[in-house]
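Please read the points below with the model open.

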Amino acid sequence: NFAYGFDQPSWIGATLITQDEGAQDFTLVGADLFVPLGESGQLVGEIAHSSLTATGVDLQGEAYRFEASGTLLENVLGRAYLRSAETGFRNSATTTFRPGQTRWGAGVTAGLGPDTRLRAQFDQETNSGTTPRVLTTAAALLNPGREALPGAVVDNTLNTYNIGLEQRLGTATLGLDWVNRTFSDRTLGFSRSAHQIVPRLSVPLGLNLTFNAQSDINLSSDVVPLYPSRTVFGLDWLVEPGVTLRLAQQFISGGGGYQPGSITSLDAITEYALDDRTSFTSRYSILSGYNQLTGQGAIGLNHRIPIAPGLRANLAFERIFGNAFNNTPTGQQFAQPYAVGIGATALGLQAGTSYAVGLEYTDNPDFQASGRFEYRDSAAGSNLLFSAAAAGRLSEALTVLGRYQQGNYANQGITGLLGDTINLKLGMAYRNPYSDQFNGLLSYEFRQNPSLTPNSILLGSPSSASDHTLAMEAIYAPNWQWEFYGKYALRHGQTSLNNTLSVSNTIHLAQLRAAYRFAYQWDVLGEVRWIGQPGAQYSEVGTSLELGYYLTPDLRFGVGYSFGSANDGSFAGSGYRSASGPYLGISLKVNELLNGFGLQQVAPAQQSESYVEDGSYSDAPAPSAAPTPEAIPPDPAPQESLPLSERPHTEQGGPSA
């Protein structure tokens, strides 16, 4: 940050993301900046580089965006922008770019008087590369890989010049624009250039009624596709705040594949709050033209019902009318179950209806719960989503939580092949708020079809997979020098195909660790881990010995040596193998997370059992007889005399829930 003011901040930042997924490596590095220009201007910039390496794929590319705006002269505002992404650039975390597209432009707006404005604008859009291939077969939809399959080649440029004058005459607004569009498609080998004069008029006919007129008049016979000669007359009626009705008549003529005709449209646009708990939104258009009557739009309703203090119900409804798969300069949009790579640029909108009912309870600080039921229906099929969650305290030290989620496939290209996905999680944690000597966690998870993607050989065959996982872990620290940690987990999984072939397995995992701090900043620890599948005669064992140094109470560096071996009885002969070697480790304790999580008072160095004198805590043991001074060993660093932030920590943050 170079400046912190809210009116004129100034900063620069950098980001690095790297992913190693075995068969695929991905790296994304970028920088962002924001710089004020004068009193009212600003410069926003982004630049990024990506690298994707996978089987048969090696892509690299840059992307950048710069936008500048501000006051050039008195009553003169300027704006310029540049956005570009090379064909090899990838970022699956966003859909705000199209690889191979470059757009840039600049414009100025000048006030020639209190009621007169003059503006000029130039824009250029260039598209290159390939469009995502339109996929129709189930095998292609279910096995898309990491990158969208290349489709048709795109190589075109569109230049647009616009000069306009706007004049207010009383309550009316009159405008006149000159527009020139030059479209060049190098794949098809043609270029078109067209000039248009665009007069506009807006006249209020009353408090809530406005008359609008616009005409796009081509001055030459050379017409750019999608931009024919057009004349529009319309009435906008503000029924009430947030509700607008629009009636428009369009007359279309000219070349470019258009035949003389007309389109009549009736639009209803609503963003209205019925009351403080109910909101209504809608957008619906009825189009009549070329001997066809079609409708497009959406309608939505959201209602909140207070039932009791802290208890609220939510009702929601949404209906989308008409599919929207348009042909754009960057390719044809099409129905696809999920998009990978640049496939998101070809996603379209499919008609459907969604209903949702939710319930929330938040009044009790020791118990909170919520649930939501949602049903979606479309031409591609229906799907049901259900989720519920609850969390609460059974006592000051015991906390429980649970979450259940169930859903079916919901996409534009796959029907009747995938089963329901279910995920159930239950957890119970013990954390004494007065003593951090012992912490424990118990968890159970059930998953059905967690990552089911049928291969082509399984198409049409019902298959399912499920697993149960039970885990428990605990940390015990009798004093600041010793810490013991243990964990055990059991997972049982089962997979079935066509209700006839079924395979199951059971896996065990155990881990033990002991750490001893022999000095204020030094410790030594030993660890052993075991994972095994008894029925398959498979097991792995790993052990390690490590020396650690605390640079700060929360930052630890360690150096150690590990030993490991695996034994697989399914191999012919000897299935035993082993490996060992040194390693380096860094651990950082994250404090002040979740209202002081991990900052409980540590046990003081004394021979009698530690406790906190608090009459409200009934589990505190009775104080024992004080030992004689001769029986108390010298404390290398008396904790009672040190601030909490400087006391030695023994990683007693506890297992994470």
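1. The largest nonpolar core has seven residues: Phe26, Leu28, Ala48, Leu52, Ala63, Ala85 and Phe89. Such a core is a set of buried Ala, Val, Leu, Ile, Met, Phe, Trp, Tyr and Cys residues joined through side-chain atoms within 4.5 Å; buried means under 20% relative accessible area with a 1.4 Å probe, protein chains only. At least two of the core residues come from each of β2 (25-37) and β3 (41-54), strands being DSSP runs of E, at least two residues, numbered from the N terminus.

2. This is a predicted model, in which local features need pLDDT of at least 70 and side-chain atom pairs count only at pLDDT 80 or more, while totals for chains, interfaces and linings use all residues. Residues are numbered from 1 along each chain as its sequence is written, and side-chain values use heavy atoms, with hydrogens and water left out.

3. Leaving aside residues up to four places away in sequence, Ala85 touches Glu62, Ala63, Phe97, Arg98, Pro99, Gly100 and Gln101 (contact: heavy atoms within 4.5 Å).

4. The protein has 34 strands and one helix, the latter a DSSP run of H or I, at least four residues. Of its 657 residues, 28% count as buried.

5. Strands β13 (residues 209-218) and β14 (residues 229-240) run antiparallel, joined by eight bridges; strands pair if DSSP finds at least two bridges between them. Gln214 stands opposite Val232 in β14.

6. β14 is also joined to β15 (residues 243-253), antiparallel, by eleven bridges. Leu238 has Thr244 of β15 as its bridge partner. Two residues separate β14 and β15 in this hairpin, and Gly242 in the turn has a positive phi of about 95 degrees.

Methods: Buried means under 20% relative accessible area, exposed over 50%, partly exposed in between (1.4 Å probe, protein chains only).
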